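Please open the structure in your viewer and keep the selection tool at hand. The stops below each name something to select and then say what is there.

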Amino acid sequence: MRTVVLCWPMLFMLAFLASAQQPPRTAAQDDKNKKQQDSPPPDQQPKPLFGGKIPARSSQNTKESATLGFNGIDPSGKVDKKVLAANPKAADAEKVRNMDANRPAPADVMAFAKEGGLKSK
Amino acid sequence: MKALIVGLLAVSAASAQFGLDKIKDKINSTNQKTKPVTDRAEKAAETFTPWTPEEEQAIGEASAEKMVAIFGLTDAPGVQRYVNLVGSSVARYASRELPWRFGVLDTEIVGAFALPGGYIFITRGSLVSMTNESQLAGALGHEIEHAAARHLESEIRSRKTSAWASDEAIAKSKQGQQLARLHADAVLRDLFNTSLSRSKEDDADEQGARMAAECGYSGSGLLEFIKILSVENANPDNQRLFGQLLSTHPSFDQRIEHLSAQPSNRSKGKTLEARFARALGR
């Protein structure tokens, strides 16, 4: 009985030493583990918009579904006649007006050509 | 006596009026007989009269609105700006000056479209397939030539499809924006459903490569791009992406053969892979 009582402090000491040898969990490691849990596996991660090979994902997924289901494109790949008959909305007209407003100035075109080593007309 | 004079004047006035009415009737009946002839003459004149610059812009704008309604524009301002800069650089060597506007359509299908008035669209699917800026320059050059040379307009007018003719007939009673919208419907219907003549497509390929080369790009960019598409098209999984392009253009093999023989193809210029990759976030 006395032997058992004397062993208790020894057991506590051993347990303390064992826990002290384990490296401490840092906040950075916690973040990394969380990110690994949150991010999808590599094959499910979104591809860059213009990178890789076709087909690339849509930037807004409104005109097309993300799964290669082309809304408005028939099975042969041609634009559906119903879609062709649709009338543009005010937002579409505004986007076209913005295209006009966002035309690069001649000076910007010259600078762009110069930067690329193209000919300056 | 006075009463007699007034009576005589009234009778002569009435007879004069009667005579005038007869003459008017005769003129009207002659007009009725000649109207179909003048209608035909007007129609023939319309067939060969190009749109005025104002009409071309209005029709182009209305067509662009429809195009954007169908596909949407890619939500990437940096890429839109970059494509505008490449396109505007190439367009400096176009055969006709227009207010050039370039847009990236948000669709995976491969293609590019030229609308009247200098509206040029390229699809996101096309950009994904490209590997350098000279390929983009060549593809935009092809479309720039279509718009500069009014290829679509002249094709529509020379063919005068029944749908187009009926639109023209309706259009006679319409003005301004309504008229432009009617024309826009016909423009897009033709753009998506009918092909331009082989000579117009060959011309667009030749001139597109020429413009890119004169601008300082490698003259073989367009040829390289078509070769890439030819390889991708061989994959059965990609067939749907090329349906629109191949239904309205000569085969890739025909285009490769034609472009390979062009002198611009031998012009050594810039390809700018790094700038292209940077702009597209690769």
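Begin by selecting strand β2 of chain B, residues 112-115, together with β3(B), and you will see two strands that pair in the antiparallel sense over four bridges. Keep in mind throughout that this is a predicted model. Within this pair, pick Ala114(B), whose bridge partner in β3(B) is Ile120(B). Next, move to the hairpin that β2(B) and β3(B) form, where three residues lie between the strands and Gly117(B) takes a positive phi near 85°.

Now select β1(B) alongside β3(B): here the pairing runs in the parallel sense, over five bridges. Pick Arg101(B), and you will find it standing opposite Tyr119(B) in β3(B).

Stay with β3(B), residues 119-123, and ask how many of its five residues are buried. Five of the five are, and the strand is accordingly described as mostly covered. Colour Tyr119(B), Phe121(B) and Thr123(B) on one side, then Ile120(B) and Ile122(B) on the other, and you will have marked both covered faces of β3(B).

Finally, show both chains and select the residues where they meet: 52 residues of chain B are in contact with 44 residues of chain A. Among the elements of chain B that each supply at least two residues to this side are α3 (77-91), β1 (101-105) and α8 (176-193), while α2(B) gives the most, with eight residues. Coloured by class, the side of chain B that touches chain A shows 21 nonpolar, 16 polar and 15 charged residues.

Terms used
Residues numbered from 1 in each chain as written. Chains lettered and ligands numbered in written order. Predicted model: local features only at pLDDT ≥ 70, side-chain atom pairs only at ≥ 80, totals over all residues. Contact = placed C-beta atoms within 7 Å. Nonpolar A, V, L, I, M, F, W, Y, C, P; charged D, E, K, R; others polar. Buried ≥ 20, exposed ≤ 12 C-beta atoms within 10 Å, placed from the backbone. Pairing = 2+ DSSP bridges.
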